[in-house]
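This briefing looks at how the parts of one protein chain meet. Please keep the sequence and the structure in view while reading.

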Amino acid sequence: MLLHHNPASPFVRMVRVVAHETRQMDDIQAEVAAVLPIERHEAISSANPLGRIPALVTDEGHGVFDSRVICAYLAHRAGNTDIHPSTDFRVMTLFALAQGLCDTAVNLRYETALRPENLRWDQWMARQNERIFAALDDLEANWQAELAGVHVGSIGVAVALAYLDFRYPDLRWRDSRANLSAFYDSFSQRPSMQNTKPD
Ligand code: BEZ
C-alpha cells in the first residue's frame, strides 16, 4: 500500500497509529507530500480527487480516503474489530469528536500561519477557539470510560492533543483537565505514538 502523507498532519498520524497498532507499518510505503492547501498535487489528486491527505492506494490500485475510511480499511484488513468497533456508537462518536477537534485546530492553523494578516477574520478565529475548549471540556468530563480502551476513539483524542501541543504550545489545555492529562501522559507512551511523532 502507498500512503500519501505529511508527518505534521494529525489525520495522517491517526492512520499511522492505527497501522502501527495493527502491525501493518511494514506493508505501507509512505510518500511524503509537502503541499499547501491552495495547491494541487498531481499524485495525491490521482488517489483522491479532492487532493487531500491522507490518501491510501491499495495493493489493487484503489484510492481509499479520508482518514476515517482508511482507519476502517486498515482495521478490516488486519481483521481487528477492537480497534475500529464500527457499531459501538460511543467509540465512533468519540472518534468524530477527535476528528472535529483536529479539523478545527488545523483550520485555525491555516488562518493564523498561512492567511495574510489583513485578511484574517477575528470572530471566526474566536469561534474556533471556543470550539476547541468546548471539545476539551467534554473530553475531560464525559469520556473517561471510553478513553480507557485502545481504539480509533482514544487514538484520535491522543493524536488531537499531541497536535495541540505541537502547533499551540501555549494553549495550556492541561490546566484544570486532570483526567485528560493523565490519559495523554499514559497513551502517548505507546510505541505507536512514540514512533509516529512529527519531526
Ligand atoms: C500542519 O503543518 O500543521 C499540517 C500539515 C498538513 C496537514 C495538516 C496540518
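How much area is buried between domain 1 and domain 2, and what percentage of it do carbon and sulfur atoms give? In this predicted model, the area buried between the two domains is about 1300 Å², and carbon and sulfur atoms account for 77% of that area.

**Domain layout**
- The protein is divided into domain 1, which spans residues 2-78, and domain 2, which spans residues 89-190.
- The contact draws 13 residues from domain 1 and 19 residues from domain 2, while the C-alpha centres of the two domains lie 21 Å apart.

**Residues behind the buried area**
- Phe-11, Met-14 and Arg-68 together supply 39% of the area that domain 1 buries against domain 2, which is more than any other three residues supply.

**Polar and charged pairs**
- Across the interface of domain 1 and domain 2 there is one salt bridge.
- The side chains of Arg-190 and Glu-21 meet in a salt bridge, with an N to O distance of 2.8 Å.
- Two residue pairs are in polar contact across the interface of domain 1 and domain 2, both at pLDDT 80 or more.

**The domain 1 side of the contact**
- The elements that give two or more residues to the side of domain 1 touching domain 2 are α1 (10-21) and α3 (67-78), and α1 gives the most, with seven residues.
- Sorted by class, the side of domain 1 that touches domain 2 has nine nonpolar residues, one polar residue and three charged residues.

Technical notes. Residues are numbered from 1 along each chain as its sequence is written. This is a predicted model: local features need pLDDT of at least 70, side-chain atom pairs count only at pLDDT 80 or more; totals for chains, interfaces and linings use all residues. Side-chain values use heavy atoms; hydrogens and water are left out. Domain bounds come from an automatic or database domain assignment. Contact means heavy atoms within 4.5 Å. Buried area is the accessible area (1.4 Å probe) that two parts lose on being put together, summed over both. A salt bridge is a side-chain nitrogen of Lys or Arg within 4 Å of a carboxyl oxygen of Asp or Glu. A polar contact is a pair of N or O atoms within 3.5 Å; within protein, one must be able to donate a hydrogen and the other to accept it, and residues adjacent in sequence count only if both atoms are side-chain atoms. Helices (H or I, at least four residues) and strands (E, at least two) are DSSP runs, numbered from the N terminus. Ala, Val, Leu, Ile, Met, Phe, Trp, Tyr, Cys and Pro count as nonpolar, Asp, Glu, Lys and Arg as charged, and the others, Gly among them, as polar.
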